[in-house]
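Have the structure open while you read.

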Amino acid sequence: YIHHNLRIFMHISSIFRQSLILICLNIYFTQITPLFGEENSGIDQKINDAFKPAAEFTGKMMFSPVPIGDQGIPWVILWLGIAAIILTLYFKFINVRSFPLAIKTVMGKYSKADDPGQITHFQALASALSGTVGLGNIGGVAVAISMGGAGAVFWMILIGFFSMSTKFAECTLGVKYRKIDSDGTVRGGPMYYLRDGLKEKGLEGLGKILAVLAAITFIFGAFGAGNMYQANQSCALIYDVVLNNESDDGKWIFGIIMAVLVGVVIIGGIKRVASVTSKLVPSMCIIYLLGGLIVLVFNLGNIPKAIGTIISEAFNPQSAMVGGIIGVFIQGMRRATFSNEAGLGSAPVAHAAVKTSKPASEGIVAILEPFVDTIIVCTMTALVIVSTGVYEIGQTTGTGGGILLTSEAFSTVLPWFKYILMVAVFLFAFSTMITWSYYGDRCTLYLFGEQALIYYRILYLLAMFIAGSGLIDTEVIWNFALITVAASTLPNLLGMFLLRKEMKFLLKDYLK
């Protein structure tokens with residue numbers, strides 16, 4: 001009893017310490033810095049100036065195009081798309097033939113009480129979904145449509161379909177090569193199956209290098225895609241749309257609140273994350289989907305036309321700025337990748353904690369992720385935007401970018417719909433940030449040991465505060481998020497290709 005309460009006290013004191021650091025930083029940025037004169041003010045501009053060159057340089061490297069016809073497709077998009085198609089063919093369309101089995105497995109039909117692990121199949125799926133179902137489903141879809149036209153949605157859904165097979169592959173490996181400590185704590189992710197899986201194949205040196213690269217890119221990914229982008233976009237919606245205040249005054253309050261709420265959850269580890277997300281994910285999806293359905297009911301007559309527009313513009317884009325069918329495909333693929341995260345290696349970190357003795361069982365469950373994330377939630381967003389006609393206006397200006405376009409679409413039915421969207425956005429952002437904090441947490445543990453976790457968590461909450469306070473432009477954060485997401489695909493997909501026979505054996509074992 002004393003030990004339990006001591007741990008609670010330590011958690012509370014840690015949260016208080018981190019909150020105090022954020023408050024002191026805010027006082028310094030907003031109150032003390034301006035006293036030194038005009039040349040030392042504008043901390044937001046200084047952060048942008050320091051951040052932007054690195055993001056632009058890395059972005060050019062990661063998204064350098066491969067010439068195809070008159071245009072070029074970024075090589076990382078081809079890398080992900082081709083991998084998803086190959087895995088679908090290799091596993092004989094497992095995303096279709098094993099879909100009913102995935103439903104039965106996630107409902108616990110084949111689970112056993114003595115299976116090793118920490119969380120149930122449903123909790124593992126909810127934890128992973130909380131990391132993928134985020135603001136990319138709301139703001140990212142709007143960006144894809146405004147930049148690539150309605151046809152980008154078609155390619156986004158198609159890539160989501162093939163990505164179901166990629167999820168199966170990486171999550172199967174995540175469970176196979178996980179590590180379970182003596183106290184029952186699970187450690188898993190691409191670091192472990194790259195290191196140990198390739199060692200079994202006589203490629204120990206390559207495995208170690210790829211594992212370190214995966215861990216490093218994941219930590220940056222946690223800060224970019226899983227943290228700063230989510231905090232920035234949710235803050236933008238609340239202040240720019242709901243409160244009609246586009247200035248940065250008072251946004252630091254949102255940054256503090258979000259950091260404290262996330263800090264309370266992430267200190268509890270995967271069990272706390274799973275407990276929160278298993279309740280949060282169904283709730284946030286239901287809230288958002290119900291809101292979208294109401295908008296679609298009011299625009300029922302426009303839905304067939306919207307679907308026709310999406311299909312026709314996928315092959316015959318109307319906008320000259322899109323750059324033809326290749327340009328539409330690129331926008332759809334980019335947003336699908338950012339949204340469902342298939343091939344990044346993020347989901348195996350959460351799925352590795354599942355209670356199961358058959359690794360492929362969780363791989364089967366994981367195919368539901370892109371289905372829910374891209375095919376259901378992203379399609380709902382796209383239909384709302386296209387059927388209401390706001391996509392013809394183009395991307396709105398302001399801090400929030402694409403998310404403001406989605407808000408306009410919801411507000412065409414009833415003005416107060418923006419408040420429903422605000423709740424959904426906050427839940428989406430919150431769930432994504434706590435899950436990605438765990439991903440980065442496991443990678444920090446792998447690279448630097450347990451003593452480094454407290455420093456990682458403080459930096460994670462500090463980055464959340466900076467982005468949520470509007471101190472960095474949305475465009476810079478969006479580019480940084482895409483770069484960090486793309487970088488993690490390099491070691492992960494290469495390792496999956498080398499371990500493809502192991503995955504097929506594990507699948508046959510579970511199906512039998």
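Start with helix 8 (residues 152–176) and helix 17 (residues 368–388), which pack at an angle of about 170 degrees with their axes 8 Å apart. Keep in mind that this is a predicted model.

**Helix 8 against helix 17**
- Angles over 145 degrees count as roughly antiparallel, so helix 8 and helix 17 are roughly antiparallel to each other.
- The crossing of helix 8 past helix 17 is right-handed.
- On the helix 8 side, the contact includes Val-153, Met-156, Gly-160 and Lys-167, and on the helix 17 side it includes Glu-369, Phe-371, Cys-378 and Ala-382.
- Sorted by type, the residues of this contact are 10 nonpolar, four polar and two charged.

**Helix 3 against helix 22**
- Helix 3 (residues 75–90) and helix 22 (residues 489–498) have axes that come within 11 Å and cross at roughly 25 degrees.
- That angle makes helix 3 roughly parallel to helix 22.
- Here the crossing is left-handed.
- Trp-75, Val-76, Trp-79, Leu-80, Ala-83 and Leu-87 of helix 3 meet Thr-489, Leu-490, Leu-493, Leu-494 and Met-496 of helix 22.

**The nonpolar cores**
- The largest nonpolar core has 126 residues, and Val-262, Tyr-460 and Met-464 touch the most other members.
- Helix 19 (residues 417–448) gives this core its largest share, 15 residues.
- Beyond its neighbours within four places in sequence, Tyr-460 contacts residues including Phe-223, Val-262, Met-433 and Trp-436.
- Another core, of seven residues, lies apart from the largest one, and Ala-124, Val-175, Ala-352 and Ala-353 are among its members.

Definitions and conventions: Residues numbered from 1 in each chain as written. Predicted model: local features only at pLDDT ≥ 70, side-chain atom pairs only at ≥ 80, totals over all residues. Heavy atoms only, no water. Axes fitted to C-alpha atoms, helices over the stretch in contact; angles between N-to-C directions. Helix = DSSP H or I, 4+ residues; strand = E, 2+ residues; numbered from the N terminus. Parallel < 35°, antiparallel > 145°, perpendicular 65-115°, else oblique. Left-handed = near helix turned anticlockwise from the far one by under 90°. Contact = heavy atoms within 4.5 Å. Nonpolar A, V, L, I, M, F, W, Y, C, P; charged D, E, K, R; others polar. Core = buried A, V, L, I, M, F, W, Y, C linked by side-chain atoms within 4.5 Å. Buried < 20%, exposed > 50% of the residue type's maximum accessible area, 1.4 Å probe, protein only.
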